[in-house]
Structures are given as structure tokens and as C-alpha cells.
Amino acid sequence: MLDGIQRRIVSIWFPRLATDRVLRSRMIDGPLVLTLKQNNSNRVYCLNDDAQKAGLHRGMPYADARAFCPNLQSHPADPVNDQAFLHILRRWATRYCPWVGLDGSDGLVLDVTGSTHLFGSEEVMLADMQMRLDRAGVSARLSIADTRGAAWALTHYANGNNIALESLPVAALRLPDDIIVSLARLGVRRIADLIAIPRATLTRRFGREVLMRVDQALGHQVENITPLSNPPHYGVRISFPDPIGLERDVIAATGRLLDKLCPKLENQEAGARTLVLTVYRVDQDHQQVELRLASPLRDPRRILSLFQRGIGAVKAGYGIDKIRLEAVQVEPLPARQTNHVQNSDKGELDDLISRIGTRIGIENIHRFLPADSHIPERSFNIALAAYSLPSEPWVCLYPRPIVLFPPEQIVANGARPPQKFQWRGMQLTTGKATGPERIAPEWWLDDENWRSGVRDYWRVETREGWRLWLFYTPQKPAWFVQGQFA
């Protein structure tokens, strides 16, 4: 009892959640199973009704399933997307009551206390749930009872709500498999047999879990339902009484949407990383403008200025009657203490990266970061500019060329730079040579390019104006050009 109102719990079980999700996206006739690798072998993870009628069951090896059913179709299971689909169903179930939680990996539990009268009666509400799920192509079994444990038992082990709980097997109490097997060896197969055993005897033999499940199912011990909160939705839209078609009108409408969206981001201390502006036309067509930002942002003025180029490419056609703006990717952006002295260099750089990214793709903009290695090829890392931070000033004991390329061999003799040599079809004359700088290979790395041993690097300025980086290999005498200075 809860304030004089009898508590009512609905349990929904989706026995074919994974296959139903697959069949909703593609039509497949005949037996179908989803396989998952378990214990170094592919096993049946979920199956449809045709496969079950063919004698297949969950957990059986996939090879045996193929032997039983030669025309069997299979797809790899995707438990992550299955859970995402279950969360979608949980959100749908909130139309019946606000108190909805997950029940394992394939079920929902609803506390409909005080809300069944909104649908006329409990039977009408359950029928409405079943009808909507059947229409959506989702197999489900539903039951309602006074407790969560009883509702779960009726859903999984009974064919209706009018069956006595005591007549169900002890497995309906959600007990571990080893306890169920031990009880079966003692001849305890139904809940009624379990209730008849003295409580002290059960506690000594099986611990407190058995009595806890019995009390939860009978209502002697409260079992709470933990509802999941809906994740924040960062989407806004606007409709127009009359279609618009001018670029400045679309920009103005986008600004109004940003004024609504950015406060939502601020309340969650988040910043948008990717935004999608969808423009709906009166001819039922639509266009999308995607904006990928170099850093999390929730300043409507800065975002609007970055949107203008994409909005300019929108074709209004016969007019635009609705616009929708959504932040499809967000990242944490905590509030920071500000003062009258602000450094806007980083914000200007991020905006520049975002502007260039709208033209060539933000993933094509890179920056160089220093790496802890004296090997020229390993002394830097290349990272995406939008997903990395600039490093502190590089510490370089010796000058390094601005352009580095794979070593190119030249013809020369001796351990000192040649007075004349040919490189890339040009005859060059050495004017000044500085060096050598000896660099040894990193013995802990197996780099084929450095198997020739140490290198003696020289900075060579030619009379023709080229400033090159040459090195000499003493172990296998040879000269190479590897870089070019500014």
C-alpha cells in the first residue's frame, strides 16, 4: 500500500529484442539468428520465431544450428545497438507513466500506480501497449501485479495475469542458477514448495537471497524502481506562417534558434562541437548545413558568423517553412572565471580553423607537435588541429630544416661534404658547410631506415642558393640529402 493506493507494477519482456531490431531495418524471410562469439565459438545470441519453430534455441553452437536448419540466415549480434534500442523503448514507455526503468538487458518495468485510470482500466492500458508494440514489429510479453517480482514472474513464466504466483517454478523468483539446481535436487520446484519450508532452514542452507526474493515477490519487502532520466536534447526549431527565401531571413532565423540553444548548453555546462541546420522547403524537400567546430562553443554570435557560408549555399526553391537546429555532438565546457583582461588569440585561432574546415574539411587541418626523440623522422607528431592543443615552444638544440623528406642519395666521396654534387638534376657547389652533428639510432626501435648505423649531419649552403641538410653514414660510406632549410 502507498498512501492508501495499491501499488501496481507492469513488467514488459522483449524475448526477441535483437532480432526485432534487425528486422525493423531490413525484411528477412525465413529462419534468422544473430550470433555472438562466446567461449571461443560462435553461438546463437537471439533468433526469430521461424528459427525457434525449426528447433533452434539460444546458446546453441552456430555450427549445430546450421546443421539443423540448412536455410538458416545469420548476422553478427550488436549488443550495443540493442541496448540503445531498449533505451528508445524506455522513452516510448513514458507515455504511460513517468516511472520507467530498465529490467535487465531485455525488459522494462513501469510503476503505473495511479495512472491506469487515464486509459480506462488496467486491461485497456495493457492492450494498448501490446497493440502499439505489435504494430512496431516488436515482440513483447506484458503482465501487471502488485510487486515487481510478481510482475516479472508472470511475464516470464505464465501466460496470463490470473495465475497464482505460488504455482510458478522457483526460477520465477530471479534466483541464481546454482540455487535453482540445488532446490530442484531437494524436490523444491514450485514457489509454494519453497514457502512451506521454514525460513530459518532456508537461511542456513542458501543464505538471505532466497528469502529476500520471496518477500519481494509477495510484497513483504519493498523493491524500488530506478527510473532513468532522459538525456538532454540539444535541438530547437522554428516554423514560419509564410515561407521565407532570402538569405538574410534564414540567417536571422538561425540567430533566433541559437539564442534558444546556447542557454541549454550553458545550463548543462556543455559546448557544441558539431551542429546541423536543417532547412525544410514547402515542396517537402530539405537541405542540411553541417558546422564542425574546432573547439566546444556556445557563443551564439561566434557560431552564427561561422554558419553564414553554409547558409549562403542553401537553395530556398519555392520557399522555406521550417528550420531545425541541433547540436549532434557536444563536449563538456565548464564555466570559467573571467576578468577584464582576456586573451582572445585561442578563440580567434579556433574560429579560423572552423572557417577553413567548412571549405576543405576540418579533419584535413593538422598541426605539428613535438615528440621526445632525437631521430629527425620521429621528433614530431601530426595531430588534428581541432582535437589537439598547441604545445609550448619547441626546444631544439640544433637547427632543423623546414622541409623534411626521405633520404635521397648523392654521389660523393670522403667524410666531408663534397665541393660539387648533383641533386635532383641540378649541379650544386658547396659554399659553406656546418657540422657534423652525429645522431645515433635508437636501439630499442627496429627501424629499417636506420640500420646503417650512426649518421653525421651537415648544414650545407650552396652558391646556387639552396640550403640543404646532408648526412654521411660512416659504416656504409654514402651521402644523402634529407631536408631543406628556409
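Colleague: How much space lies in the largest cavity?

Modeller: In this predicted model, the largest cavity holds about 30 Å³ of space. A search of the whole structure finds 1 cavity of 30 Å³ or more.

Colleague: Which residues line the largest cavity, and which elements give two or more residues to the lining?

Modeller: The lining consists of S11, I12, W13, D103, D106, G107, W152 and H156. Strand 1 (9-13) and helix 6 (148-157) are the elements that each give two or more residues. Strand 1 supplies the largest share, 3 residues. By class, the lining has 3 nonpolar, 3 polar and 2 charged residues.

Colleague: Let us turn to the sheets. How do strands of a sheet pair?

Modeller: Strands of a sheet pair through backbone hydrogen bonds, and the pairing is either parallel or antiparallel. As a case here, 4 strands form an open, antiparallel sheet in the order 8-11-9-10.

Colleague: Which strands stand at the edges of that sheet, and why is one side of each left without a neighbour?

Modeller: Strand 8 (235-244) and strand 10 (286-297) stand at the edges; each has a single partner strand, so one side of each has no neighbour in the sheet. On average, neighbouring strands of this sheet are turned by 15 degrees against each other, direction ignored. Within the sheet, strand 9 (residues 270-281) and strand 11 (residues 320-332) pair in the antiparallel sense over 11 bridges. V279 stands opposite I323 in strand 11.

Colleague: Which strands do helix 11 and helix 12 lie across?

Modeller: Helix 11 (residues 247-267) lies across strand 8, strand 9, strand 10 and strand 11, at about 160 degrees to strand 8. Helix 12 (residues 300-312) lies across strand 9, strand 10 and strand 11, at about 145 degrees to strand 10.

Colleague: What is the strand order in the open sheet of 3 strands?

Modeller: The order is 3-2-4, with mixed pairing. Its edge strands are strand 3 (41-47) and strand 4 (73-76), each pairing on one side only. Neighbouring strands of this sheet are turned by 40 degrees against each other on average, direction ignored. Strand 2 (residues 32-38) and strand 4 run parallel and are joined by 4 bridges; T35 has P76 in strand 4 as its bridge partner. Helix 1 (residues 17-25) lies across strand 2 and strand 3, running at about 75 degrees to strand 3.

Colleague: Finally, is R213 buried or exposed?

Modeller: R213 has a relative accessible area of 18%, and buried means under 20%, so R213 is buried. This residue is located in helix 10 (residues 209-218). Leaving aside neighbours within four places in sequence, R213 is in contact with L173, R174, L175 and E223.

Terms used:
Residues numbered from 1 in each chain as written. Predicted model: local features only at pLDDT ≥ 70, side-chain atom pairs only at ≥ 80, totals over all residues. Heavy atoms only, no water. Buried < 20%, exposed > 50% of the residue type's maximum accessible area, 1.4 Å probe, protein only. Contact = heavy atoms within 4.5 Å. Pairing = 2+ DSSP bridges. Axes fitted to C-alpha atoms, helices over the stretch in contact; angles between N-to-C directions. 1 Å grid on protein atoms, 1.4 Å probe; cavity = no way out; pocket = protein on both sides within 12 Å on 5 of 7 lines; lining within 4 Å. Points joined across faces, edges and corners; volume = space filled by probe spheres on them. Nonpolar A, V, L, I, M, F, W, Y, C, P; charged D, E, K, R; others polar.
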